[in-house]
Amino acid sequence: MSKKPSKSLAQELDRYITPFRHDGSGKFHLKAHKTDEKGGLDKEKAQEILEANKKRLVEFQEKLYAQDRWSVLIVLQGMDAGGKDSAIKAIFEGINPQGCEVHPFKQPSSRELDHDFLWRHVIALPERGHIGIFNRSHYEECLVARVHPEILAKEKLPPKLVTRNIWAERFEDISAFERYLSRNGTVVLKFFLNLSKGEQRQRFLDRLEDPSKQWKFSLDDIKERALWPRYQAVYQDIVRHTATSHAPWYVVPADHKWFARVVIGSVIVAALERLDLRFPRADKASLGEFDEVRKALEREGKGSGKR
């Protein structure tokens with residue numbers, strides 16, 4: 001009897017990937033995406049998938065680092081308390097820190113404001129063989145800067161360039177930037193953690209009750225929460241205009257952190273599988289050198305009486 005061909009990781013994990021992927025084809029309405037989706041899982045089963053994905057990720061990252069050809073850029077966007085920090089901690093536990101960097105982008109410094117809006121993100125890009133994680137990203141420049149015009153004013157743009165078309169132009173620039181990255185060996189994976197307003201409220205309350213998490217809370221969080229409808233409209237615009245086949249958006253249901261981690265982890269390991277990563281093979285000359293070294297080490301062991 002012939003055995004059925006085993007499923008690839010992408011096929012095995014597809015149910016946690018494809019429903020949440022938007023590549024720019026077809027229409028996109030944020031309200032059509034549920035925030036409390038569980039994918040038919042319970043918390044226990046989700047934990048099993050998360051653990052399996054972590055093991056796969058460790059193996060893939062080791063090969064990615066050794067091969068030194070591809071790089072991976074992971075973009076995490078979402079409202080405050082969306083679960084970005086905890087997702088990074090849970091999914092990347094056990095990863096070799098030599099090959100993975102996390103960049104949390106806060107308010108730009110005066111030096112950063114003296115450059116174009118992509119500059120500080122470009123200099124933080126992962127090198128070949130590395131995974132780079134942007135906790136907030138270049139998308140803040142057409143999100144927060146759009147919701148708060150005073151932030152845009154600080155960017156020192158010549159007034160004649162600040163037109164009603166500036167956001168469409170930034171979408172165009174970002175899409176061109178991501179296409180450039182993909183053409184040069186950087187895999188771009190973009191996640192929007194789609195949180196409900198009710199769940200954000202509960203997480204804020206939980207933070208206030210937990211002394212170990214109170215440091216995360218700020219009154220600014222409440223001010224931004226009051227602008228919820230505006231932020232949702234802008235996020236919808238961002239996904240509509242910057243989702244492409246080479247850099248799609250994954251709209252991740254974020255009300256259940258455990259399911260969000262399943263989706264994010266599944267997307268990452270499936271993307272790494274498609275790269276067909278392998279450890280570099282030594283050439284014939286190197287193998288000959290290794291044989292000589294091995295013999296020398298064996299002679300040295302015999303000479304010292306090593307057992």
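**Cavities, pocket and packing**

The largest cavity has a volume of about 80 Å³, a cavity being, on a 1 Å grid over the protein atoms alone, a set of points where a 1.4 Å probe fits but cannot get out, and a volume being the space filled by probe spheres set on the points, which are joined across faces, edges and corners. This is a predicted model, in which local features need pLDDT of at least 70 and side-chain atom pairs count only at pLDDT 80 or more, while totals for chains, interfaces and linings use all residues. Residues are numbered from 1 along each chain as its sequence is written, and side-chain values use heavy atoms, with hydrogens and water left out.

The lining of the largest cavity consists of Pro108, Glu112, Leu113, His115, Asp116, Phe117, Arg120, Glu141 and Glu155, where lining residues have an atom within 4 Å of a point. The structure holds four cavities of 30 Å³ or more.

The largest pocket, by contrast an open set of points with protein on both sides within 12 Å along at least five of seven lines, has a volume of about 1,600 Å³. Its lining comprises 46 residues, of which Asp80, Lys84, Lys106, Arg136 and Asp221 lie nearest the centre of the pocket. Two or more residues of this lining come from each of helix 3 (84-91), helix 6 (144-147), helix 7, helix 9 (197-209), helix 10 (219-225), helix 11 (228-242) and helix 12 (257-274), and the largest share, five residues, is given by helix 9. Helices (H or I, at least four residues) and strands (E, at least two) are DSSP runs, numbered from the N terminus.

Lys84, one of the residues nearest the pocket centre, is also among the buried residues of helix 3, together with Ala87, Ile88, Ala90 and Ile91; buried means under 20% relative accessible area, exposed over 50%, and partly exposed in between, with a 1.4 Å probe and protein chains only. These buried residues pack against helix 2 (43-67), strand 2, strand 3 (100-104), strand 4 (131-135), strand 5 (186-194) and helix 12.

Glycine 78 lies in strand 2 (residues 71-78) and counts as buried because its relative accessibility is 2%. Leaving aside neighbours within four places in sequence, glycine 78 is in contact (heavy atoms within 4.5 Å) with Lys84, Arg136, Phe192, Leu193 and Tyr235. Glycine 78 and valine 251 are 173 residues apart in sequence and 9.8 Å apart in space, C-alpha to C-alpha.
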